[in-house]
Amino acid sequence: VVKIGGRLYTYRGSLQEIPGKEEALRAYKRLDAYVKEGGYSAALRLLEERDRSFVLSLLDRANLRGLGGAGFPTAAKWRSLLSNPDRPKYLVVNFHEGEPGTFKDRELVESNPHKLLEGTLIASLVLDVDEAIIAVREDYEAARAVLEAALEELRAFLASRGAAAPPISVVSVGGSYVVGEETALLEALEGRRGEPRVRPPYPTERGLYGKPTVVNNVETIAVLVDILRAYYEGREPAVEKRYSVTGDVERPGVYVLKMGTRLGELLKASGASDVKAVFIGGVSGGLLPGDADIALDFDGARKAGVGLGTGSVIVLSNGRCIVDAMYEVAQFFAAESCGKCEPCRLGTRELVEIMRRIKAGRATEEDLKWAESVAKTMMETSLCGLGQAAGKVFLDALGRFREEFEEHLRGVCRAGVCFR
Ligand code: NAI
């Protein structure tokens with residue numbers, strides 16, 4: 001356990017040792033232990049309140065912004081749902097975590113599922129929804145088993161207190177990376193192919209089955225517990241953010257930090273050294289040079305020209321080749337593109353082809369210019385974040401490491417990775 005700028009901890013075991021279902025079911029924090037630490041006290045008090053609208057101003061005060069990656073003000077999204085008179089209303093908790101290097105939600109749920117369930121109760125009560133659905137990506141089997149077991153415990157707990165709360169269900173959702181995009185997730189929940197819809201209308205206007213729906217990420221929902229508990233205990237609410245750190249570091253893991261902690265501190269805590277570049281927000285937020293010491297919050301990232309995104313950090317040391325890394329990134333986006341819109345379907349494939357040529361020393365200056373224009377078009381015209389991010393991270397890499405790309409045109413790979 002390392003402590004800096006807030007509470008920090010590393011992931012249980014190595015990333016290769018992802019716990020299986022049985023192990024996860026043995027290890028998670030049971031309801032009794034959660035309640036002993038004050039768990040469900042905030043949700044139970046909220047159940048007694050007649051007017052729950054004060055929670056919206058609490059979220060404003062805590063400056064809660066969507067922690068799935070986009071950073072949209074949570075209270076604004078909720079107000080949009082509340083002002084919609086249509087019924088039924090839904091809450092969908094997005095647990096289709098898919099960003100490369102991102103496992104912050106899985107770690108949270110596998111260790112402390114009741115925090116997510118309490119947050120789900122809180123959100124359901126404030127939003128007055130008819131049903132809450134926790135949509136879990138299909139291959140998160142252990143996390144789903146843990147959630148289902150915890151939900152059984154919660155149902156018995158609420159029944160023993162005669163507490164009536166909106167129904168919560170846990171649903172497994174298959175599909176690729178893009179199914180984590182909120183409207184693709186809604187499509188999948190409705191039993192269709194998981195492809196994004198055109199927005200607006202936003203889900204709060206027309207969401208699941210065309211009805212008003214708030215879609216919030218797991219972490220955003222879990223953090224509600226901290227905010228409401230602080231309020232009831234007379235403390236000022238503050239948001240902590242979870243960062244997953246991987247790549248060339250000694251201690252990969254999930255780190256919980258106060259918003260605004262410097263990237264340099266996080267890199268130091270995780271044992272990164274000789275850092276050449278850092279992917280931020282998984283890879284979707286962009287690529288930073290190794291010495292960029294930005295403040296890890298939405299505004300700090302924006303000022304540095306990147307997105308905080310999921311908060312995940314992938315570290316590349318000086319031994320890595322940027323071209324080689326970007327080839328992998330390009331392959332990832334091409335494989336995950338759903339193909340619904342042309343800029344993404346064609347652009348992601350085009351970037352793979354160009355990167356293949358650069359890596360093989362068969363590209364020209366013209367190819368770089370063409371790649372740049374393809375990436376710009378993708379960023380500006382793709383239907384959803386996938387194509388936009390694929391273009392953005394490519395432009396970052398080319399803008400910040402152009403020298404290395406140009407060396408490859410001359411057959412030089414300083415890391416000695418390409419041309420072999
Ligand atoms: P967005 O900025 O378009 O929307 C964010 C949220 O705000 C959505 O829920 C949207 O419905 C809502 N919203 C925006 N304007 C609204 C309005 N006027 N009224 C009501 N609601 C409104 O971002 P998007 O495309 O939903 O997400 C992109 C982010 O997802 C990226 O920043 C990326 O970091 C993150 N991401 C996360 C992944 C993960 O595994 N957690 C995977 C891939 C991307």
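The model is a predicted one. Its chain is divided into domain 1 (21-232), domain 2 (240-317) and domain 3 (322-409). The ligand lies between domain 1 and domain 2, because both give residues to the shell around it.

**Domains 1 and 3**
- The centres of domain 1 and domain 3, taken over C-alpha atoms, are separated by 35 Å.
- Where these two domains touch, 8 residues of domain 1 are in contact with 8 residues of domain 3.
- On the domain 1 side of this contact with domain 3, you will find 5 nonpolar, 1 polar and 2 charged residues.

**The ligand and its shell**
- The ligand is surrounded by 25 residues, and the closest are Gly 69, Ala 70, Phe 72, Glu 99 and Gly 309.
- Sorted by class, the shell around the ligand holds 15 polar, 6 nonpolar and 4 charged residues.

**Helices H15 and H16**
- Helix H15 covers residues 365-381 and helix H16 covers residues 385-400; their axes come within 7 Å and cross at roughly 140°.
- The crossing of H15 with H16 is left-handed.
- From H15, the residues that meet H16 are Leu 368, Ala 371, Glu 372, Ala 375, Lys 376, Met 378 and Met 379.
- H16 answers with Gly 387, Gln 388, Ala 390, Gly 391, Lys 392, Phe 394, Leu 395 and Leu 398.
- Taken by class, the residues of this H15 and H16 contact are 9 nonpolar, 3 polar and 3 charged.

Technical notes. Residues numbered from 1 in each chain as written. Predicted model: local features only at pLDDT ≥ 70, side-chain atom pairs only at ≥ 80, totals over all residues. Axes fitted to C-alpha atoms, helices over the stretch in contact; angles between N-to-C directions. Helix = DSSP H or I, 4+ residues; strand = E, 2+ residues; numbered from the N terminus. Left-handed = near helix turned anticlockwise from the far one by under 90°. Contact = placed C-beta atoms within 7 Å. Nonpolar A, V, L, I, M, F, W, Y, C, P; charged D, E, K, R; others polar. Near = placed C-beta within 6 Å. Domains from an automatic or database assignment.
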